[in-house]
Amino acid sequence: MCRDESIKSKVTRPFEAIKIDYQDFFAGVLAWGGLRRRRSTLHRVVGLLVFPLILSACSAHSSISNSTTEATSGSGHKKPSHGVSIGKTIDLAKSPIDALSCVGSGFCMAASNGGTIYRFNGQSWNISIRTTRSQSSGSGISNPTVDCVNAQMCLGELADSNLSVFDGSSWSLPSHIPGAQPIGALGCSPSGSCLAIDAIGDGFLYLNGQWSAAFNAWGSAVSISCVTTDFCAAAGGGVSFWNGSYWTKPVAADPSGLPTAISCLSTKFCMLVDDKGRTLTWNGESFSAAVKVGTDRLNAVSCLTNQWCIAVGNGGEVAVFDGSSWRRILIGSVKSDFTSLSCEAVTSCNLGDSKGQVISVHIGPQQIAQ
């Protein structure tokens with residue numbers, strides 16, 4: 001009776017039950033009072049009574065098929081759900097998008113593995129600054145990255161430890177941090193101060209337009225998230241915290257996995273993701289046990305509130321945290337790896353992938369609601 005074949009198997013039993021009730025009721029009416037000769041009349045009457053029920057069931061089923069699956073698994077995340085609105089997909093580069101930093105809906109920067117930083121001005125993406133590997137003056141090659149405080153201040157690494165500062169209209173001439181090896185990670189606070197850690201574990205502070213001398217940061221890092229000038233978290237072999245003067249001794253947050261990214265909102269809330277598809281939450285004193293969220297490596301995480309985080313990874317993996325559990329989200333037929341992300345608002349994000357694409361997505365409330 002319902003013509004939605006894609007969800008036919010999910011509603012077989014309810015409609016079989018309706019069919020059985022209809023037949024039993026019809027047979028009973030015919031047998032009662034010797035009314036078999038009125039079969040055709042009763043058939044029409046019963047049909048008029050039951051048909052609206054079937055239509056109602058079909059309508060209810062359609063609503064169910066379009067809603068988000070609420071069941072949770074033993075690993076702490078919810079089953080995959082559809083319904084994500086995909087906006088523009090831009091073929092930006094010919095190499096992976098290693099970093100994205102968006103400030104509002106009209107300003108984004110994207111750093112590609114090829115050594116180019118692109119800028120979105122609210123209408124289109126264009127090359128903002130480019131370098132070649134031959135311009136690098138340090139030893140080794142690191143992945144380009146970018147972090148924006150606002151539309152008037154971004155810090156970008158093009159290759160090795162050559163960094164530029166964007167002032168709202170143009171980038172400064174790439175310069176090498178004195179004494180630095182290739183930069184492993186950098187992060188900026190809302191106040192405009194930035195921290196960088198190089199490949200051998202030296203830390204550097206950018207403040208008032210100047211880089212500090214090297215100081216010990218305990219080891220190399222892959223991700224830095226800064227909340228204030230006096231609080232940042234760096235993830236690498238372990239997790240260290242910046243207190244405004246020095247990096248604390250690393251915490252062994254994830255003994256059986258390698259941290260890949262971290263996002264902090266305060267001294268009492270950080271979200272860490274790893275190469276095993278797991279997440280761990282910092283509460284100000286310790287990390288939670290690892291929660292299995294994805295089936296593959298997670299490469300980036302962004303939290304806008306402690307009730308909303310998003311993590312992306314290999315195989316088109318996307319998961320959303322609603323404050324208590326994770327929900328895996330299916331985004332179309334994406335087959336590439338998501339390598340970076342930046343969210344301009346809750347539910348509205350840009351994802352960078354291994355094909356050099358930037359994909360804008362909107363995750364509606366029904367995908368994250370309990």
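Biologist: Into how many nonpolar, polar and charged residues does the lining of the largest pocket divide?

Modeller: The lining of the largest pocket holds 29 nonpolar, 16 polar and five charged residues. Here Ala, Val, Leu, Ile, Met, Phe, Trp, Tyr, Cys and Pro count as nonpolar, Asp, Glu, Lys and Arg as charged, and the others, Gly among them, as polar. The model is predicted, so local features need pLDDT of at least 70 and side-chain atom pairs pLDDT 80 or more, whereas totals for chains, interfaces and linings use all residues. Residues are numbered from 1 along each chain as its sequence is written, and side-chain values use heavy atoms, without hydrogens and water.

Biologist: What volume does the largest pocket have, and which residues lie nearest its centre?

Modeller: A pocket is an open set of points on a 1 Å grid over the protein atoms alone, where a 1.4 Å probe fits, with protein on both sides within 12 Å along at least five of seven lines; lining residues have an atom within 4 Å of a point. In this model the largest pocket has a volume of about 1,400 Å³, the volume being the space filled by probe spheres set on the points, which are joined across faces, edges and corners. Its lining comprises 50 residues, and Leu 100, Asp 147, Ser 223, Ile 224 and Leu 341 lie nearest the centre.

Biologist: Which elements give two or more residues to that lining?

Modeller: They are β3 (97–102), β7 (145–150), β11 (183–188), β16 (221–228), β19 (259–266), β23 (298–305) and β27 (338–345). The largest share, seven residues, comes from β19. Strands are DSSP runs of E with at least two residues, numbered from the N terminus.

Biologist: How many disulfides does a search of the whole structure find?

Modeller: A covalent bond between the sulfur atoms of two cysteines is a disulfide; the criterion is a pair of cysteine sulfur atoms within 2.5 Å. The search finds seven. Among them, Cys 102 pairs with Cys 108 at a sulfur separation of 2.1 Å. The torsion about that S-S bond is about 115°, so the link is right-handed. Cys 226 and Cys 232 are joined with sulfur atoms 2.2 Å apart, and their link is right-handed at 110°. Cys 264 and Cys 270 are also linked, S to S 2.1 Å, again right-handed, with 105° about the bond.

Biologist: Which residues are linked in a network of salt bridges?

Modeller: Opposite charges on side chains can pair when the charged atoms come close. A salt bridge requires a side-chain nitrogen of Lys or Arg within 4 Å of a carboxyl oxygen of Asp or Glu. The network links Asp 254, Asp 274 and Arg 278. The closest N and O atoms of Asp 254 and Arg 278 are 2.7 Å apart. Asp 254 lies in the loop between β18 (239–242) and β19, and Arg 278 in β21 (residues 278–282), so the pair ties together parts 24 residues apart in sequence. Asp 254 is buried at a relative accessible area of 6%, and Arg 278 at 15%. Asp 274 pairs with Arg 278 at 3.0 Å between the closest N and O atoms.

Biologist: How many salt bridges does the whole structure hold?

Modeller: The search finds three. One of these joins Glu 317 to Arg 328, with the closest N and O atoms 2.9 Å apart. Glu 317 lies in β25 (residues 317–321) and Arg 328 in β26 (residues 326–329), so the pair connects parts eleven residues apart in sequence. Glu 317 and Arg 328 are both buried.

Definitions and conventions. Helix = DSSP H or I, 4+ residues; strand = E, 2+ residues; numbered from the N terminus. Buried < 20%, exposed > 50% of the residue type's maximum accessible area, 1.4 Å probe, protein only.
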